[in-house]
Amino acid sequence: MRHKGLPSEPDHLLIVDDDRAILNFLDDFFTYLKFPHRLAGDGVEALAILEKESVNIIITDMLMPNMDGMELIRRVKERWPEIDIIAMTGYAKDFHYIDVIKAGASDFIQKPFSLDELDAKIYRLIEERRLKAELKRLSLRDSLTDLYNRRFFDQRLREEAERSSRQDYDLYVAIVDIDGFKELNDQKGHDFGDKILIGLASVLNRSTRKSVDIVCRIGGDEFAVIIPQADAKQVTQIGERIRKNYLAYKDRGETTLSIGIAGFAGAAGKAGKEDVKKMIREADETMYVAKNAGGNKVLVRNIKKQKDPPPPGKRTVSQL
């Protein structure tokens with residue numbers, strides 16, 4: 001038995017079978033391996049568990065009452081496409097391997113099976129999931145600073161804008177640019193420039209709200225911070241904290257920061273692509289105003305709140 005093949009923090013597993021002997025056998029096996037898991041007697045019970053709990057891998061029998069394995073696989077892949085499924089059956093003639101895979105299963109195992117065989121299939125799935133997760137992480141991260149990249153920034157800002165509109169709170173974005181970076185990079189070389197960029201990434205992470213603000217590198221020496229659920233005073237404080245902490249960074253050379261911040265009010269209604277583009281454009285313009293004024297500044301562009309319409313029968317002077 002290759003217990004050491006399983007990771008120290010395993011995925012959560014759901015075992016589905018109407019045969020209580022099989023469930024008890026696999027329950028003992030995965031309990032021994034300290035592998036978090038749940039048990040279900042059929043597809044209906046399995047779906048009920050999935051509605052309430054997080055599951056990464058399902059092992060399901062194919063012949064079950066109420067809902068068979070094929071139907072369960074289809075429903076799971078429609079609702080939770082990221083879940084991997086291993087189908088198991090003692091009646092291979094009733095379910096062809098290719099049909100099960102086409103339905104959405106990741107693998108197929110025929111009863112009776114050895115625990116070594118099941119262990120190997122679970123281990124392979126976990127390794128594949130880890131690899132996919134790492135590839136996804138790399139596709140959304142800047143290779144030098146390990147901050148989120150421009151692709152992630154654009155995607156996440158749209159999501160945050162829609163959320164701020166639904167939940168009625170303000171959203172800001174800060175554009176951060178390094179004053180004098182190009183000249184210093186040309187003079188002292190790219191290694192020195194890279195050190196500055198990595199240092200700024202550290203400053204941004206330390207100066208923003210953990211698990212709330214989202215820090216990204218969106219260009220060569222240009223960074224951005226998505227700042228949800230904050231007002232103008234709070235975003236100014238965040239911007240000033242970034243600026244001052246960067247000034248305290250000993251390896252910045254003579255560089256400083258120009259920070260432009262803009263946003264929109266969540267109460268203005270559902271945010272569209274144009275609202276997001278406008279917010280980025282205004283933050284960028286505000287950053288250049290700070291830079292052209294000598295740099296080492298934080299400027300915040302005020303949000304224009306959408307006024308509520310007057311009650312019926314009452315009109316303001318401007319509406320007469």
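The model described here is predicted.

- Strand β1 (residues 13-16) runs parallel to β2 and is joined to β2 by four bridges.
- Within this pair of strands, Leu13 is placed opposite His37 of β2.

**Helices on the sheet**

**α2 with α3**
- Helix α2 (residues 43-52) and helix α3 (residues 69-79) have axes that come within 10 Å and cross at roughly 15 degrees.
- An angle under 35 degrees counts as roughly parallel, which means that α2 and α3 fall in that class.
- Their crossing is right-handed.
- On the α2 side the contact uses Gly43, Ala46, Leu47, Leu50 and Glu51, and these meet Leu72, Arg75, Val76 and Arg79 of α3.
- By class, the residues of this contact are five nonpolar, one polar and three charged.

**α6 with α10**
- The axes of helix α6 (residues 150-167) and helix α10 (residues 273-292) cross at roughly 115 degrees and come within 10 Å.
- The crossing of α6 and α10 is right-handed.
- Phe153, Asp154, Leu157, Arg158 and Ala161 are the α6 residues in the contact, and Val276, Met279 and Ile280 are their counterparts in α10.
- Six of the residues in the contact of α6 with α10 are nonpolar, two are charged and none is polar.

**α7 with α8**
- Helix α7 (residues 181-188) packs against helix α8 (residues 190-207) at an angle of about 140 degrees, and the axes are 6 Å apart.
- The two helices are therefore oblique to each other.
- α7 contributes Phe181, Leu184, Asn185 and Lys188 to the contact, while α8 contributes His190, Phe192, Gly193, Ile196 and Leu197.
- This contact of α7 with α8 has five nonpolar residues, three polar and one charged.

**Salt bridges**
- The whole structure contains 22 salt bridges.
- One of them joins the side chains of Arg38 and Glu53, with an N to O distance of 2.1 Å.
- Arg38 belongs to strand β2 and Glu53 to the loop between α2 and β3; the two are 15 residues apart, and the pair links distant parts of the chain.
- In general, side chains of opposite charge can pair when their charged atoms come close.

**Backbone details**
- The peptide bond from Lys111 to Pro112 is cis, and its omega is near -5 degrees.
- Pro112 sits in the loop between β5 and α5 (115-139).
- Asp168 is a residue other than glycine with a positive phi, near 60 degrees.
- The loop between α6 and β6 (171-179) holds Asp168.

Notes: Residues numbered from 1 in each chain as written. Predicted model: local features only at pLDDT ≥ 70, side-chain atom pairs only at ≥ 80, totals over all residues. Heavy atoms only, no water. Axes fitted to C-alpha atoms, helices over the stretch in contact; angles between N-to-C directions. Left-handed = near helix turned anticlockwise from the far one by under 90°. Contact = heavy atoms within 4.5 Å. Nonpolar A, V, L, I, M, F, W, Y, C, P; charged D, E, K, R; others polar. Parallel < 35°, antiparallel > 145°, perpendicular 65-115°, else oblique. Pairing = 2+ DSSP bridges. Salt bridge = Lys/Arg side-chain N within 4 Å of Asp/Glu carboxyl O.
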